[in-house]
Amino acid sequence: MLRLSSINPVAAFIIKVVFWLPVCLAGWYYLAPSLVWPVGLLSDWILTVLFPQIFQGVEQQGDRLDFVTLLAMPAELLRGQQPGVSGDLVFTVNPLLYSYGLPLYTALSIATPGDARDEDLKWNKWLWGLPLLFLFQVWGVCFDGLKTLLFTLGPDVSAQLAFTPLAMDGVALGYQLGYLILPSVLPLVIWVVQYRAYLTEMVWATE
C-alpha cells in the first residue's frame, strides 16, 4: 500500500490539499449565511458612515446582501409603472465572490504536516489569518456596491453620486483588487508567511 510519507513531499502535500479542498468548499458553502453576517454588519457601518447621503443600509438575505440606497430609481426601471410610482434604489451583492479564499486557506492549513504538538499551533495560525481574510472580503463587498452604482446601473444613477473622475478611478481600482486579486492571492500569501520554514524544508527535501 502506497503511503503519502513514502512519496515526494511536494506531491504528498498537493494530494492532501486536493483531498481537503472540496471538503472545505462544502463546509464554507453550507456555513455561508453565518459567515456573511459579520460582513454585512461591517459593510453596513462603513458605507453608512462614509456615504450617509448614498446608503441607507446593508441588509442580509440568506447568503446575499441587499444594498438599500437613498438614490432615486433610474428612469428606465420606472418605465411602464403606474404614474407617481417611485422608490429608493435597492440592489444585491453576492459576498461569496470575495470569500472563496477561505476554503483554500483552510485546506492549505490542514494539509500542512506536523506532529501532535504542531496541530494546536496550526489552528492558532489559522485563526490569526481569518481577520485578514474577513477585512478584505468587506473591502470587496463595499467596492462592489460602489462599482454597481457608478458603472452598472446606468448614467441616471451614477450622476446622482457626483463622484469626480479620480474618485471613480479609485473605485474601479479598488473593485478590481477586491474581485480579481485579493480573494485568490491573499490566502496563499498568508499561508506562505505562516509556513515559510516548512516551505524551505520541502524545497530542500526535493533537491
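Predicted model: local features only at pLDDT ≥ 70, side-chain atom pairs only at ≥ 80, totals over all residues.
Residues are numbered from 1 along each chain as its sequence is written, and side-chain values use heavy atoms, with hydrogens and water left out.

The protein chain has eight helices and three strands, where helices (H or I, at least four residues) and strands (E, at least two) are DSSP runs numbered from the N terminus. Of the 207 residues in the chain, 37% are buried, a word that here stands for under 20% relative accessible area with a 1.4 Å probe, protein chains only.

Helix α1 reaches 32 Å from its first C-alpha to its last, close to the 32 Å expected at 1.5 Å a residue, the expected span being 1.5 Å times one less than the number of residues. α1 bends by about 25° at W20, and the proline P22 follows within four residues; the bend is the angle between axes fitted to the seven residues ending there and the seven starting there. The buried residues of α1 are A12, F13, V17, C24 and W28.

The axes of helices α4 and α7, which are lines fitted to C-alpha atoms over the stretch in contact, come within 8 Å and cross at roughly 25°. That makes α4 roughly parallel to α7, a term for angles under 35 degrees. The residues in contact (heavy atoms within 4.5 Å) are these:

| Helix | Residues in the contact |
|---|---|
| α4 | G101, L104, Y105, L108, S109 |
| α7 | P183, S184, P187, L188, I190, W191, Q194 |

Notes. Buried < 20%, exposed > 50% of the residue type's maximum accessible area, 1.4 Å probe, protein only. Axes fitted to C-alpha atoms, helices over the stretch in contact; angles between N-to-C directions. Parallel < 35°, antiparallel > 145°, perpendicular 65-115°, else oblique.
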